[in-house]
Amino acid sequence: MPSCRKAPQYKALIITGQSDHNWGVSSESLKQILDETDLFSSTIIATPSKGEDMSGFKPDFSKYDLVVLDYEGDAFSETTNASLIDYVNNGGGLVAYNSESNPGAVVSDSVKISERRSFEVRTAQIDHPVTKGLPVRWLHPDDVIVQGLKPAGEDTRVLATVSLDNSYFSTGRREPVLLARNFGKGRIFITMIGTPDDKENNALHCAGFIVTLQRGAEWAVTGNVTQEAPFDFPTAAGAVLRPGFKSITYEEVFDNLGNYDIEKSTKYFTYLQSQIRNAAGNEKTLLKLEKKMVGILKNEEASDDAKKLILRELSWMGTDYCIPAIKALASDPELSDDVEFALARLK
Amino acid sequence: MTQKTTRRVFVRRSAAAAAGVFIIPNIIPASALGMGGKRPPSDRVIIGAIGTGSQGMSNLRDFLDLKDAVQFIAVCDVDSKHLAEAKETVDKANKNTDCRTYGDFREFLEKEKLDAVSIALPDHWHGIIYTEAVNKRLNVYGEKPICRTIKDGQTIVAAVKKNNIIWQTGSWQRSQAHFRRGAELVINGRIGKIKFIEVGLPDGGRGIGTPPVQEVPPEMNWEMWLGPAPEVPYRGVSHWNWRWMLDYSGGQLTDWAGHHIDIANWGAGLEHTGPVEVTGTGVYPMEGIYNVPVEYDFLCKYAGGIEMRVVNASRLEHGMGTTWYGDLGWVHTDRGNILTSSDPKILEEVIGENEIHLYKSENHWQNFVDSVRTGTQAIAPIEPAYRAISVGLLGEIAMETGQTIHWDPVNETIAGNERASRLLGRPYRKPWSLPTV
C-alpha cells in the first residue's frame, strides 16, 4: 500500500544497450517491474552501440545489490567481465533476462527461436523459493521461446519449462525458461520469457513473467523470497496481464466491484474471494471485508449482478452485521432469490 | 405383465432381506443366479435412464453390452436431442419403437414401473433425483460423485439405508483387477502399517473467459437443467463442461474423488469413516465463468494416524492415481493397468485363505444387475461413495475458508466453525428442495 512504502532496500543496475529485441522498451519495463516491488530502486545504463569501443564501459558493480543484464551484443571488456564475475563470486545477485548467450548460466547447442505464440509454463522445481506457492501450470501469452538451451552445470536448476508441443497432455521435449544458478557466493536468476514485440507487449505484461522476475531478483540478492504469491498469478485456465505492470489494489477492487455486470471481467470479484480465503477466518479482516461488501449492497448505483455475487459470498462468510442490508433487498424482484439463498444459509 | 410385476416384487423383497443376514430365498429361479445361458425377456432387470448425455449414454451402452441382462423401457433427459439418441439406441436393442421418453424426471418416476434406474446427471441434481428415485424404492446405478454437498450426500445415504435398495456407484475402478489387487495387498498389511496416502487427481484445464449470453437452443430445457442451482443466463455451456463451474461441480477434484480417493479408502480400510482434520490451498482462475480450482493440495488427518494428501497430479512424483505408503514400502495404482510398488516382491504376494479378500467384480454393470437379481450388496455401495466424495468436499471447504477444518466423521459435523459449517449445504432455488427421506 502506498501509504506504508518504505525506502527500497536494494539498488539494482540494469545494463542494456545492444540486443535483438527493442532494449529501450524491455529495460524500461524491467525497471518498472523491479521498482514495483518496493524492494528495488533501479538504474538503467546503456553500453556503447554495436561496433563501438567497449573499453570505456566499466560500471562499478560493487555499488549494487543486483545487476540485471538486458544485453545481447558485443563482448564486455576483459576488465568489465572480470569485475562482473568477481561481483557475483563475492555474493552479488545477477538476473539475466532473455538472452540466449547469458553469462555462463546456460550453454546453447543448436539454438532455434520459436514463432511468437502462447505457451503453457510448467514448474519443474516446486520447492524453490522463486516458484514455491505459485501455480505449477500457467499460460503465458505471445512470446518467443529459445529452443535448445541447456543448464550449464550441476549448480544450475531448471525452475520452469515450456513445450513447443503445446497440447494439454504434452509429453514432448521441454525447453527451460526459468533457471537458477548458484555461483560462488552469489546467485544468478535467468528468465527466457518476456520478449517485447513492439505491439501490445503482452509477454512483458504477463503477470507470470512479472512475478517470477520479481521473485527471482529477490532470490538472487538474498537467497530467499519474502514476496507473497499474488492472487492474479496466471493458471492453466488462462493468462493474466498486468497493465502498467501493476497488480490490482484493494481500493481499486471496491471502487469497481459495484459496477460488475455479467458480461464483464470477473477479476475484481476473484480478488475479493482471494481476500476472503487469505483472511483464513480472521474475524477482524473478515468484518472489514463484510463492511465493504455491505457498502455495495446499500449503494443504489451498484449493479444487481454485483449484488448477486456479494450475496453469494455473504451467505457463508457474513455475520449478523450484514443481515439488515440483505433483508432490505428482499423486495427487489431481481434479487429476491439471492436474498432468500443468503438468509437461508446465514440462519 | 403379471409375471413381470411378480418378479419385480420379488427383487424388492430380497433386497430387504439383504439388510440382515443374507438368505437366498428358495424361490429364486436357478437361471437368476446362473450367469450364462439365454435369459428369457421376462427375467431381465427392467431399467430406465435419467440423464442421457455422454456418461449416461456410456452407462446405457455398457448395460446393453451385457446382452439380455437388462431391458430399458424408458429414458429421461432435459435435452430432447440426447433423449432422441437414447431412445434410438434402446429401440435398436429392443428391436421395437416402444422406449418411452420423458423431459421431467418426476413424471418418469411417477409413471414408469421399473426395477432399477441408471442416473448420470450434473452433480447439482444428485441430491434431489437420487433421493427421489431411492424413495420410490428403485435400485440405482448412480454416477459419482454422489453429491455436490455433504448435506445432499447425508440425505441420499439415509434414503438408501431406509429403503434397502441396491445401490451401485459409477466408481468402476473397483471392478478392475489391478485396483482391487493393489487395495487387497495394502489392506492385508503387505506394506506394513499404512502411514500416508497420496491421491493424484487431474489438473484443471483451460478456461473460456466469459462467453456472451445466447439464446437457449430449442432442444434444451434450460430452466430444468439449472433446477436447484442459481438462475443464470445460458452461455452455450451446459453438457459435460458443467464440471468447470462451482454451481454444478467442484472441478477435477470432485469429479475424480469418487475414483482415486475411493480406491485409497478401500485399501486403507477408511470406507466407513472420514478425516478429523483437513487443511490445504487451491488455485482459482482469475477470469471467466469456469471458476473451479485448477490446482489443489490438501492434507487429511485420520483418527488412526493415517494422513492422506489429495493434490493435482502435476505436483506429484507418481502423478495420477493412489499411492499408499506403509512402514514396509509403497504401492501405487492408476488407470492403464498400472500397479507398481517399492519392491516388486510385494506385488507377487499371495493373499491367504484367512486374510481379507475384497469384493470381486469383473464388470461393474454386470455386478449391479447381479446384485439387483440376487438382492446382494453391489461392489460400490452408497456409504463408501459418500465417504470418498466427502474428502473432496471437505477439501473444497478448507480451501474456500482458508482454514483447517475439524470434522467429526461419526456425527458428520464441522466443529467450531460456523462459516465452514454453512458450506456443508446449499439452499435450493425455488421450487426445489431436498426431499425428505
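## Backbone features of chain B

Asn164(B) sits in the loop that runs between α7 and β6 (167-169) of chain B; helices (H or I, at least four residues) and strands (E, at least two) are DSSP runs, numbered from the N terminus. Although not a glycine, Asn164(B) has a positive phi of about 55°. Its relative accessible area is 26%, so Asn164(B) is partly exposed (buried means under 20%, exposed over 50%, partly exposed in between; 1.4 Å probe, protein chains only).

Two cis peptide bonds are also worth a look. One runs from Lys144(B) to Pro145(B), with omega near -10°, and Pro145(B) belongs to the loop between β5 (139-142) and α7 (150-163) of chain B. Another joins Lys430(B) and Pro431(B), with omega about 5°; Pro431(B) is found in the segment after α14 of chain B.

## Where the chains meet

Here 38 residues of chain B are in contact with 40 residues of chain A (heavy atoms within 4.5 Å). Six salt bridges cross the interface of chain B and chain A (a side-chain nitrogen of Lys or Arg within 4 Å of a carboxyl oxygen of Asp or Glu). One such pair is Glu120(A) and Arg206(B), at 3.0 Å, N to O.

## About the model

This is a predicted model, in which local features need pLDDT of at least 70 and side-chain atom pairs count only at pLDDT 80 or more, while totals for chains, interfaces and linings use all residues. Residues are numbered from 1 along each chain as its sequence is written, chains are lettered from A and ligands numbered from 1 in the order in which they are written, and side-chain values use heavy atoms, with hydrogens and water left out.
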